[in-house]
Amino acid sequence: MPFLISPVLTPEAFTGHPQPTLVAGDGLLLRPWRAEDAPAVYEVFQDPVMHQWHARTAGSEEEVGDWIRDWRQAWEEEREAQWAVVDADSGRLLGRVALREIRLGDGTAEVAYWTVPAARGRGVAARATTALARWALDEIGFHRLELLHAVRNEASCRVASRTGFALEGTKRSAVLHPDGWHDMHLHARVRGD
């Protein structure tokens, strides 16, 4: 059965090219993940704050190496687009920013991020999210980006607000965390905002 509308983005909309390095400004770069990032990612996932807001944990550096291989494969398959957020001068890992739940035909994706403990409170997540949103909406042509976070995660709510993601509502009992079901704030940016 034919559709009455054309897809917003077609296959190979962004994977027709190698994953780019994005400049976030103020000394931050978003670059594709590398195998040598595994020890730093493993260390981040030992942090109790990560366990509070994420359902995933890392059992070993080898396991994280598998994640990184999957993140790189997900780019090729247009399932997800994941970047390491690094200090432009030292190359030190500061965080991660990603597009998940990519639906090219609808022109939508979900933004996700985390930062290493030493980078928290320094605007790293906000600058990385701004750079990613600019690339996705303005360069690639996504129509809508959504951002979800636990209602109790006030730091994540501040990042969403600072980066132009309007609060649209609360998804009740939407995500299971180790401590039970969490209500989630739904924020979004639409192309042209």
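Select threonine 163 to begin. In this predicted model, Thr163 sits in the loop that joins helix H5 (154-162) to strand E7 (166-177). Is Thr163 buried or exposed? Its relative accessible area is 4%, so it counts as buried, the cut-off being under 20%. Now show its side chain together with the backbone of valine 159. A polar atom of the Thr163 side chain lies 2.8 Å from the backbone oxygen of Val159. Next, display what packs around the residue. Leaving out residues up to four places away in sequence, Thr163 touches Ala126, Thr129, Thr130 and Arg189.

Now select helix H4, residues 124-140. How far apart are its end C-alpha atoms? They are 23 Å apart, which agrees with the 24 Å that 17 residues should span at 1.5 Å a residue. Colour the helix by accessibility: 13 of its 17 residues are buried, so H4 is largely enclosed by the rest of the structure. Step just past the end of H4 to glycine 141, where phi is positive, at about 105 degrees.

Move to aspartate 47, in the loop between helix H1 (38-44) and H2. Asp47 has a relative accessibility of 13% and therefore counts as buried. Which residues does Asp47 contact, apart from its neighbours within four places in sequence? They are Pro117 and Arg120. Asp47 and Val116 are 8.6 Å apart in space, although 69 residues separate them in sequence.

While in this region, select helix H2 (residues 48-53) and colour by confidence. Among the elements of the chain, H2 has the lowest mean pLDDT, 86. For the other end of the range, select strand E2 (residues 28-31), which has the highest, 98. Over the whole chain the average pLDDT is 94, and 100% of the residues score at least 70.

From E2, go back to the loop between E1 and E2 and select aspartate 26. Its phi is near 50 degrees, a positive value in a residue other than glycine. Asp26 has a relative accessible area of 69%, so it is exposed. Then select glutamate 12, in the segment before strand E1 (22-25). Glu12 also has a positive phi without being a glycine, here near 70 degrees. Is Glu12 buried or exposed? With a relative accessible area of 58%, it is exposed.

Finally, zoom out and show the whole chain as a cartoon. There are five helices and eight strands to find. Traced from the N terminus, the elements run β-β-α-α-α-β-β-β-α-β-α-β-β. Along the principal axes, the C-alpha atoms fill a box of roughly 50 × 40 × 35 Å. The radius of gyration is 16 Å, which agrees with the value near 16 Å for a compact globule of 193 residues.

Switch to a surface view. The chain exposes about 10,300 Å², with carbon and sulfur atoms supplying 50% of that area. Of the 193 residues, 47% count as buried. If you draw the contacts with a separation of 6 or more, 59% of them come from residues 24 or more positions apart.

Methods. Residues are numbered from 1 along each chain as its sequence is written. This is a predicted model: local features need pLDDT of at least 70, side-chain atom pairs count only at pLDDT 80 or more; totals for chains, interfaces and linings use all residues. Side-chain values use heavy atoms; hydrogens and water are left out. Helices (H or I, at least four residues) and strands (E, at least two) are DSSP runs, numbered from the N terminus. Buried means under 20% relative accessible area, exposed over 50%, partly exposed in between (1.4 Å probe, protein chains only). A polar contact is a pair of N or O atoms within 3.5 Å; within protein, one must be able to donate a hydrogen and the other to accept it, and residues adjacent in sequence count only if both atoms are side-chain atoms. Contact means heavy atoms within 4.5 Å. pLDDT is the predictor's confidence in each residue, from 0 to 100. The expected span of a helix is 1.5 Å times one less than its number of residues. The radius of gyration is taken over C-alpha atoms; the globule rule is 2.2 Å times the number of residues to the power 0.38. Accessible areas come from the Shrake-Rupley method with a 1.4 Å probe; for residues, only the protein chains shown count as cover.
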